[in-house]
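I opened this entry to look up how the parts of one protein chain sit against each other. My notes follow in the order I took them.

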Amino acid sequence: MNSENFLLSEKIVSPSYVRQGSQARRGHEQLIRQLLEQGKCPEEGWSESTVELFLNELAVMDSNNFLGNCGVGEREGRVASGLVARRHYRLIHGIGRSGDIAAIQPKAAGSSLLNKLTNSVVLDILKLSGVRSVASCFVVPMATGMSLALCFLTLRHRRPKARYIIWPRIDQKSCFKSMITAGFEPVVVENVLDGDELRTDLEAVERKVEELGAENILCVHSTTSCFAPRVPDSLEELAAMCAKHNIPHVVNNAYGVQSSKCMHLIQQGARVGRIDAFVQSLDKNFMVPVGGAIIAGFDAAFIEEISKMYPGDSCWFASPSCCLVASTSVFVFSHERLHDLQEIYSILAEELKRLASAHGERLLHTPHNPISLAMSLDGLQATSDKAVTQLGSMLFTRQVSGARVIPLGKEQIINGYTFRGFMSHSESYPCPYLNAASAIGITREDVALCIKRLDKSLKALKKEGKAARSPSPLASQNL
């Protein structure tokens, strides 16, 4: 209520009570005012009531919620289900206009304001996370793969003759298919094995540039966050190489915002060379539902060019924006949270190392991967050919999600490209292994339960393996 309504309320309820309520309201409004003034992530998390008040007041600014509104067009924010309308806080129009997702929508002042604030808050978060020189970003209502494709399609207008994208191999389908979807030919560069780690083969990338010709290469498509034993690409060296040959550089930073190391690599890469855009997922970094990403870069004009490449407006854009504003307010992006994540990573590493030793395995040495860990499964492989994949099934049925079990020799064909040793980022990694990650939202309880259930599963499989190898008493009598 505004000040006039509070005064009128004093005629109905005791003025002292009304003033108390008015002061409480001003507390919420003060937080909202700070957000509007600064456009930065709150230093302290908002309560859900503040978030809901803010979103409801934004919704009132959209024409579909005007009292007495008479819509006679084809795009009037009509929603058949009240449940769907409430799910989106009645922010039905979304944002943008046909041909420009960044444009202000005249029918949706509230949604447009939410969009601008969301992008401003996200830019602040990227800077706080380590990429201090980032110039611009925007939230896009697509997951990481399609957002990467949007970047490649934008670069096509700058390099119309280019047909190749150089891609240091990472076995994740969506980032590979993003290049195919955009109409380009991926040039897969195999990684090199350094101890247990799979690292960028910089010499092979350089050879491909010379072989194909820089003018025929759309960009280098590198990766930061990845599953061990692969480690983040050598961004500084790749960025310098791209600057030397005048080749664009797009970074897949899918879940790297939560890692100070990944963000530092991007900042350093931009400092010493060239990074045109880097893309990160909303769900993997901000614990919101799947379906949104952040496209960011160091040249505001190029990021604006990407946003204008998005075809049309987005009716569903309000959903990722609402989720992101709510999550960043409740779960403030702070150095303390990142410190907790690093601490749990250390606990997970220590527990996996202890468990691996107890089962005759070892924790693979991958110090350059700040999120993911890998434990060898050589002994399990020796018990039977199917034991490794069976472990993955056992963990899933025991409600351990996210753990990846990687057998030897798996082959996968994606859009006509054959990947040998698929999921291991290498044609011939020397051992099968299990992945686990310390990602945002993980708790110490998650680690403890995972280790307990993994231990039971390994014991059960080894017991089965021994039983299969031992002749039965009846078979001995027959002998």
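I began with the spacing: the C-alpha centres of domain 1 and domain 2 lie 27 Å apart. I am working from a predicted model. For the bounds I took the domain assignment, which gives 109-330 as domain 1 and 335-469 as domain 2.

Next I looked up who takes part in the contact. I found 35 residues from domain 1 and 38 residues from domain 2.

I then turned to area. The size of an interface is often given as the accessible area lost when the parts come together. Here I noted about 3,100 Å² buried between domain 1 and domain 2, with 63% of it on carbon and sulfur atoms. Which residues of domain 1 lose the most area to domain 2? I listed Asp171, Asp196 and Gln258, which together make up 21% of what that side buries.

Polar contact joins 18 residue pairs between domain 1 and domain 2, counting pairs with both residues at pLDDT 80 or more.

Last, I went through the side of domain 1 that touches domain 2. I saw at least two residues each from several elements, among them strand 3 (185-189), strand 5 (197-199) and helix 10 (260-272). Helix 7 gives the most, with four residues. By class, I recorded 18 nonpolar, 12 charged and five polar residues on this side.

Technical notes. Residues are numbered from 1 along each chain as its sequence is written. This is a predicted model: local features need pLDDT of at least 70, side-chain atom pairs count only at pLDDT 80 or more; totals for chains, interfaces and linings use all residues. Side-chain values use heavy atoms; hydrogens and water are left out. Domain bounds come from an automatic or database domain assignment. Contact means heavy atoms within 4.5 Å. Buried area is the accessible area (1.4 Å probe) that two parts lose on being put together, summed over both. A polar contact is a pair of N or O atoms within 3.5 Å; within protein, one must be able to donate a hydrogen and the other to accept it, and residues adjacent in sequence count only if both atoms are side-chain atoms. Ala, Val, Leu, Ile, Met, Phe, Trp, Tyr, Cys and Pro count as nonpolar, Asp, Glu, Lys and Arg as charged, and the others, Gly among them, as polar.
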